[in-house]
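This report looks at how two chains meet and at selected contacts within one of them. Please view the sequence and the structure before reading on.

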Amino acid sequence: MAMLIATWKHCVYVFSTGLEDEVDTFQEEHERERHRGKRRDGERAKKKKRGNGEGRKRASRAGREEEKLQARREKKGRRKKSSSDQEAEGREGDEADQPTTKSSKAAKTRKNVKNEKTRKVEKEEKEDEADDEERNRKRKKKHGSNKKEENVEDGNTVKEKAGEVKKKKHKKVVETSSEKETSEEEDNEEEDSEEKEVRPETLTPEELEMLKEAVDERKKLIQGLRGKPWAMKKKLVTLRESQEFVDKYEGALGKGKGRKLYAYKVMMTKKWMKFKRDFENFKTACIPWEMKIKEIESHFGSSVASYFIFLRWMYGINMILFCLTFGLVMVPEALMGRPYGTIPRKTVPRAEAPSAMDFAVLWDFGGYAQYSVLFYGYYNNQRAIGWLKFRMPLSYFLVGVGTVAYSYMVVIRTMARNANESGVGDDNSFNFSWKMFTSWDYLIGNPETADNKFASITTIFKEAILEEQESRKDDNIHLTRFLRVLANFLVLCCLAGSGYLIYFVVRRSQKFALDGLENHTWWERNEVNMVMSLLGMFCPMLFDVISALENYHPRVALQWQLGRIFALFLGNLYTFIIALMDEINLKREEENIVKFNITTWEASHYNISASENSTSPPVTIQPADVPRGPCWETMVGQEFVRLIISDTMTTYITLLIGDFLRAVLVRFLNYCWCWDLEAGFPSYSEFDVSGNVLGLIFNQGMIWMGAFYAPCLPALNLLRLHVSMYLQCWAVMCCNVPQERVFKASGSNNFYMAMLLVILFLSTLPAIYTIVTIPPSFDCGPFSGKKRMFDVIQETLESDFPAWFSKVFSSASNPGLVLPFILLMVLAIYYLQSTSKSYKEANVDLKKKLQTQNEENKKKNKLAALKAQMDLEEARKAASPSAEHQKNNNASPDQEADEEEDRGRSQRMYHSKNGRSPPPHRHYGQLPATRAPVPRNYPHGNQGSAGYLPSFPRENEARMHRVPSLQRH
Amino acid sequence: MGNKQTIFTAQQLDSYQDCTYFTRKEILRLFDRYRDLAPQLVPLDYTCQPDVKLPYELIGSMPELKDNPFRQRIAEVFSDDGEGNMTLDDFLDMFSVMSEMAPRDLKAYYAFKIYDFNNDDFLCKSDLEKTLNKLTRNELTEDEVRMVCEKVIDESDLDNDGRLSLEDFQTMIVRAPDFLSTFHIRI
């Protein structure tokens, strides 16, 4: 029953969409047997149908209305069809007898209700749908058997197919014209003719409802039409029909208001869809550098493009950071804060003034640059500035926190999304299939790119094959393990060595700094930077050499390599920070001294002014003359800005020299060189995706670290990213060659993201440490005069919010509440963690189950195939002595022993074994070529059919299996 | 605008919009593209639905298709006669399916047809081999091709009949991460 319902549902769908193959077959069948109609048979089966339909009526009510209406329109023709169909069905005659009792009962009930007119209409409809359903079912069956026949009757197939195609074209016509076939009406269908001409006006409300639903259905069909995999002609015809239907019956639906509302709604949805689509188009048009990246992608593949996409993503983040700092910190201070020169912190000190405009000083971010909005020290601690009463210190603090919070949010969200994406497609299950069916990019419209794509697809396949073989082969695991441990040991030694070197150099440079930089050489002055960049240049090479020991898969090796470089950079960065911390401490000691001096200076100053003239206003002291503290925050900001600048310069210069110059030399010296430079040693450089990504990540880390003390950093970084976007795009296109080994970038995306997250954490750590533990300078920056920087929050709460708010806040922030809250959060995290883990496990379990089931299915199928094979072999064996004998042997109680039936039997067996539709017989010939058990059986077949040697090659099997059957013909 | 409208009746345009994923403007642009392929063949008046077919040689020479290893299959699948000769309807149909707006299922259905070289509604080994050879321009050795095809069948053939049915193909392709982004022609 369930299966019947399923079939029926399918049929309803099939029918409601109007056109399906079954219909064609049915038409064919119908026409063939039109003049042989056996009415009694038909009537009996119809009753049965009614019974069935009634029983099933409630189960699947939705979505029928349309069909009902359609059915009503085309009742006559169909009735006839179904009845004639019965004959064919009766021939098979295995299930027709069983439901007779039920059907008679149904017929009785039908008679009972016949008098009530309103009910009757409904009833008739029910019958109709039952009719349809049964008919469809049968049609399907018929179709199946037809197919079988077609497969067998070689000669007829072509003809029949042609007929079918023809019919498909005219099918619509046939279906509509069936209404005209009233002359051929059967006598048992008079009652239907009464309801045939139902006018919309005469319909009951209930029916109106149905009609409305039907119309809606049609409309839905019209809307979904573009998603139907039909030829345009079919679509157009269906569209026209549906529209006609809608037009015809819509008039009956709404009078006045309801209809208008309906039309309005339809219109609005259309408009909304259009707007959405336009907006989407606009959005895609707004993505910057899309064409550039696409171009690179088409030349260098997705991995190089992924770097640029990453760069663009970074640019987006920096854009937000820049907007925050620029809009909420720099611009307000520049516009509404006190202008330059009004207070000491905003003025260049007298001693530095002569050189403050020198380029060398400005380049070093000293002089005027130091005393500007670019750095922390310039900001005033005035609580509210300008006519807006902008809370500058608060804004400064919140922006600092906000940038970090935003960065965390973005990175984590991106990671989660990436994880989701990679989680949906389980990587390995369809590895090769995906490679085969989705690797060609249909967008490619450029011969060179196509060449590249072909090459890269080939490499991908070769790599995959290699991987596959790799996973099979068994290496000496102990040796590999030893080598890997050794390699890691060596790398650790390298890291420790470089760390020590940097530490040593930093210590030395501190000594030099104490002595005064002037009496040292250039090398001694720049030792730290040089050592750091040299280490950064050579250590990765060393790691590369070491990683050759490990014998990892290239992708894994790449990740190891990246991890190691990451550790190296991190070590460098942290050494730098430690050196900076030392300097901060020095500055703070200096500050204390200055603080003491200032009080004495002020005292002496006031004394002088007081003693000179007590009535006249005090002499105005130039702000430039006021002694001031060293302002360690500005110093930190300057260091970071310098670092960024030098880093950017290094990147660009390496790009120009290492890539461009090399490419130029290789290109032009190649004409007069003794060996081929392009193919030989120097050749062109490859684009180092991982190195570049790492550089970008570290750069970003420095931005995060320094942005609090130098609000200009995001702006600088934005500039840098913008320039490198163009510069690197140009460099890649003009002087790099595509990588030999192309890795898919998407896999490592989350790896980069994880690194970014780590860097973000590690870079916010020192910043937070300094903010929380070190008191701000006394005479510079927005927090001067406060004990700690975050006191600004307290201050705001106290003075800007109503008293109750600060009370609530302070009570909420006492440990008694905070601790439980934290505990709760920890518990929540733990809970979520464990649930996600269990989900993951369940997922894995399900996957495993699915796999085992697949395996089982395969085994079953194999067995079934084997059995069928054996049967056939036996049959063939039997066939060789005499055809007559074979017939007896093969005949089963309900089947004739002709060759088609034989085939059908094996198929049925197939069917029953795996619960799936039986494959067409073509499969039969093919199966042996792919399945293992067959060769075992195969010799039997040879013995059976003369003319083939036992040693005949396996490829001929398909033919061999076919031959006996032909002989039997 | 008034000029352009004489190509189609308003009703025709509406039906085309209902049957494809294109807007009116795009349909007219596609018509122009179609006509540019053979201005002498395609009339400027489609209101009476002339029976015009462009041969495959012209369709396949479009820049969007000419580098595609499967261009012939695409044309064959979408053409009414199965030989790559396309009417305007077929043409619109093809680009509608290949447009960004088309849903995954529809794309999967046609992708299946495209990869089904022998039109037997199954992707059997020979189809896979052909696909692979087209993808790699015969760069792989026979062994490699055979192995890849075996792996593909092994992975995706759920009912184990040694070839991929449409259902097999669909279950496989709907989970592919970049099917939608690659099975797409921008026009």
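The sections below take up the interface first, then a helix pair, and then salt bridges.

## The interface between the chains

The model is a predicted one, and in it the contact between the two chains draws 61 residues from chain A and 74 residues from chain B. Together the chains bury about 6100 Å² between them, with 58% of that area on carbon and sulfur atoms. On the chain A side, the residues that lose the most area to chain B are A:Arg226, A:Phe437 and A:Tyr442, which together account for 15% of what that side buries.

Between chain A and chain B the count of salt bridges is zero, whereas six residue pairs, both members at pLDDT 80 or more, are in polar contact. The elements of chain A that give two or more residues to the side touching chain B are α11 (232-253), α17 (431-438), α18 (447-472), α29 (815-879) and α32 (922-930), and α18(A) supplies the largest share, with 12 residues. Sorted by class, this side of chain A comprises 26 nonpolar, 17 polar and 18 charged residues.

## A helix pair in chain A

Within chain A, the axes of helix α23 (residues 632-669) and helix α25 (residues 713-735) come within 11 Å and cross at roughly 5°. Angles under 35 degrees count as roughly parallel, and α23(A) is therefore roughly parallel to α25(A). The residues that form the contact of α23(A) with α25(A) divide into 17 nonpolar, four polar and three charged.

## Salt bridges

Over all chains, a search of the whole structure finds 12 salt bridges. In one salt bridge, the side chains of A:Asp800 and A:Arg383 meet at 2.9 Å, N to O. Because A:Asp800 lies in helix α27 (residues 791-800) of chain A and A:Arg383 in the loop between α15 (367-370) and α16 (392-424) of chain A, the pair ties together parts that are 417 residues apart in sequence.

Technical notes
Residues are numbered from 1 along each chain as its sequence is written. Chains are lettered from A and ligands numbered from 1 in the order in which they are written. This is a predicted model: local features need pLDDT of at least 70, side-chain atom pairs count only at pLDDT 80 or more; totals for chains, interfaces and linings use all residues. Side-chain values use heavy atoms; hydrogens and water are left out. Axes are lines fitted to C-alpha atoms, for helices over the stretch in contact, and angles run from 0 to 180 degrees between N-to-C directions. Helices (H or I, at least four residues) and strands (E, at least two) are DSSP runs, numbered from the N terminus. Angles under 35 degrees count as roughly parallel, over 145 as roughly antiparallel, 65 to 115 as roughly perpendicular and the rest as oblique. Ala, Val, Leu, Ile, Met, Phe, Trp, Tyr, Cys and Pro count as nonpolar, Asp, Glu, Lys and Arg as charged, and the others, Gly among them, as polar. Contact means heavy atoms within 4.5 Å. Buried area is the accessible area (1.4 Å probe) that two parts lose on being put together, summed over both. A salt bridge is a side-chain nitrogen of Lys or Arg within 4 Å of a carboxyl oxygen of Asp or Glu. A polar contact is a pair of N or O atoms within 3.5 Å; within protein, one must be able to donate a hydrogen and the other to accept it, and residues adjacent in sequence count only if both atoms are side-chain atoms.
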